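This briefing covers selected backbone and side-chain features of a predicted model.

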Amino acid sequence: MNRLSKAFASLAVTCSAVLGISFGAAAQDKSVTFAYQDMMTPIRVLMESGKLESETGYKIKWVKFGGGGDVIRAMSSGDVDIGEAGSSPVAAAASQGLPIKLFWILDDIANAEQLVARNGSGIKTISDLKGKTVAVPFVSTSHYQLMYALSEAGLSSKDVKLLNMRPPEIAAAWERGDVDATFIWAPVLDVAKKSGTVIASAGDFAAKGKATFDGIVVTDKFAAANKEFMTTFVKLLAAADADYTANKASWTPDSKPVAAVVKWTGANAADVPAGMAAYKFPTLDEQASADWLGGGAAKALQSTAEFLKEQGRVTELAPDYAAFVTDEYVKAAK
């Protein structure tokens, strides 16, 4: 081989190596780690369908977490790109200045989270919680509502024995009889209600200006590099919600959509129809409205953060909670 041939051969090897690295990086970039929880919402059908993967070409790693606080911690460490979290952990994250954006309202919690007292515990009102053992995931929307409920009844966290537990742990503790009450969501809510009585609902406090919601948040880094994916994702989320709203009567315990919810959440099929009916799912237009991503969500986050600061759960408040909310992808999807 002459010197010129050797030079071309060397260049070819070098180019192949560079292209290999380039293509490998591109393939790696077309992946996303999504942290989800056990809330019963239409996104579970989207997860089961594989449409997000097929329409974007991305590899999706679905990872289940026990609570929103855990999701936020995983996002802050770089282990998760997109995740589900309640308004309380999102408010805490914003207060800490984490580089994330709320871009979709997964659900308006409404009556989907409730305070349940064990039958025989002697608890008939919120005031009766004094001296009792109450389980709740800390820094969750349920925790926020519970603290508001106690305050309204003239009690503080010192008046009850609060246990910080993830939903699966609460279910186990309830079955053992270790707790007197819990403020929680389905499917654990359904477990508690079988041997307990509902004392209050998140919807009761929402009517008093303490609305809570579950949302989907994304890291600023991922969103900036994957705008087309984000828009397609939002379109599919909106379609899933719309399909549920239009056909909820067909979501019977033996239906395929309910089977998908059961698979991804661990809920009992018989509990899914009523459990989902307790939530409200904003439409694409409602998402972009002043009630939600157009302003209302930021106000809710600020109100929640102020409450968390009073409780010592966050040390500082963010200057502007609107900086952690975006309607960019909802508008692009319309």
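**Backbone geometry**

- Ala110 sits in the loop that runs between β4 (100-108) and β5 (113-118).
- Although Ala110 is not a glycine, its phi is positive, at about 50°.
- Ala110 counts as buried because its relative accessibility is 14%, and the cut-off for buried is under 20%.
- Val139, also a residue other than glycine, has a positive phi near 60°; Val139 belongs to the loop between β6 (133-136) and α6 (141-152).
- The peptide bond between Ala186 and Pro187 is cis, with omega about 10°.
- Pro187 lies in the loop between β8 (181-185) and α8 (188-193).

**Aromatic pairs**

- The model contains 15 aromatic pairs.
- One of them is Phe34 with Phe233, an edge-to-face pair with 5.9 Å centre to centre and 85° between the planes.
- This pair connects distant parts of the chain, with Phe34 in strand β1 (residues 31-36) and Phe233 in helix α11 (residues 227-247), 199 residues apart.
- Phe34 and Phe233 are both buried.
- Phe233 also pairs with Phe103 in a tilted arrangement, 6.2 Å centre to centre and 55° between the planes.
- Phe103 in strand β4 and Phe233 in helix α11 are 130 residues apart, so this pair too links distant parts of the chain.
- Phe103 is buried, as is Phe233.

**Cluster and charge over a ring**

- Phe34, Phe103 and Phe233 belong to one aromatic cluster, whose members also include Tyr36, Tyr58, Trp62 and Trp264.
- Arg118 is placed over the face of Trp174, 4.3 Å from the ring centre.

Technical notes:
Residues numbered from 1 in each chain as written. Predicted model: local features only at pLDDT ≥ 70, side-chain atom pairs only at ≥ 80, totals over all residues. Heavy atoms only, no water. Helix = DSSP H or I, 4+ residues; strand = E, 2+ residues; numbered from the N terminus. Buried < 20%, exposed > 50% of the residue type's maximum accessible area, 1.4 Å probe, protein only. Phe/Tyr/Trp six-rings, centres within 6.5 Å; stacked < 30°, edge-to-face > 60°. Lys NZ or Arg CZ within 6 Å of the ring centre and 35° of its normal.
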